[in-house]
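Good morning, everyone, and thank you for letting me take a few minutes of the meeting. Please have a look at the sequence and the structure before I start talking.

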Amino acid sequence: PLSIPMQAMAFIGSFTALFAATIALAQRDVKKVLAYSTISQLGFMVAALGIGAYVAAAFHLMTHAIFKALLFMGSGSVIHAVEHGEEHAHHLGHHFPANFDAQDMFNMGGLWGRIPWTAWTFLIGGLSLSGFPFVTAGFWSKDEILADAFAHERWIVFGVLAISAVLTAFYTMRAIGLTFFGAPRTAASDHASQPDWRMN
């Protein structure tokens, strides 16, 4: 049986993974989705430590660091593109409210065709965060934690983390859908363009 400190760590980690995932579900700001997702994934790691799955925790720490860095860079590119689109649309005579938020996913939509490089890289990072089976690092690292909880019959930890994993996939695909698919919901997203990072 686990010691009381280890049980507490497993409980806190599992609760954090689930609670932060539910907060991410309610966010409109693309960066806040990723921020609360990070807290949720840290919960996975702490829960893994609590059940003694040290290697799985370290593995998920490393994979998460890489694909979440990709997602944060992608979100920066998205925000930059929408801000550029807002400026361009403003010059064309479109008016925006004073509190227009270029980070609000409900001000986006239709960006796949406008910023395809960002869209593809964001999708790759999102699939890894979601744990898309077999071909993403996020699947293997998250699976190691769940497999260890299952093998050692830590049923509560396994159940809570499994629900958290499903929510992770949902809010990640929600963010991708709101940002890149459908019709542009504002003139800013309709006029967004891929930043040109080349030096002149």
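Predicted model: local features only at pLDDT ≥ 70, side-chain atom pairs only at ≥ 80, totals over all residues.

Residues are numbered from 1 along each chain as its sequence is written, and side-chain values use heavy atoms, with hydrogens and water left out.

Let me begin with charge, since side chains of opposite charge can pair when their charged atoms come close. The structure holds one salt bridge, a term that stands for a side-chain nitrogen of Lys or Arg within 4 Å of a carboxyl oxygen of Asp or Glu. Its partners are Asp104 and Arg28, with 3.0 Å from N to O. Asp104 sits in the loop between H3 and H4, and Arg28 in the loop between helix H1 (4-25) and helix H2 (30-50), so the pair ties together parts that are 76 residues apart in sequence. Helices here are DSSP runs of H or I with at least four residues, numbered from the N terminus.

How accessible are the two partners? Asp104 counts as buried, because its relative accessibility is 10%, whereas Arg28, at 43%, is partly exposed; buried means under 20% relative accessible area, exposed over 50%, and partly exposed in between, with a 1.4 Å probe and protein chains only.

Now to Phe67, which is found in helix H3 (residues 54-91) and is buried, because its relative accessibility is 5%. Leaving aside neighbours within four places in sequence, Phe67 is in contact, meaning heavy atoms within 4.5 Å, with Gly125, Ser128, Leu129 and Gly138.

Thr136 lies in the loop between helix H4 (116-130) and helix H5 (137-151), and it too counts as buried, at 9% relative accessibility. The Thr136 side chain reaches the backbone oxygen of Phe132 at 2.7 Å, and, with neighbours within four places again left aside, Thr136 is in contact with Leu127, Ser128 and Gly131.

Finally, which residues other than glycine have a positive phi? One of them is Phe134, with phi near 70°, and another is Glu153, at about 60°; in general, most residues other than glycine have a negative phi. Phe134 lies in the loop between H4 and H5 and is exposed, at 61%, while Glu153 is in the loop between H5 and helix H6 (155-180) and counts as exposed, at 54%.

Note on methods:
Helix = DSSP H or I, 4+ residues; strand = E, 2+ residues; numbered from the N terminus. Polar contact = N/O pair within 3.5 Å; in protein donor to acceptor, adjacent residues only side chain to side chain.
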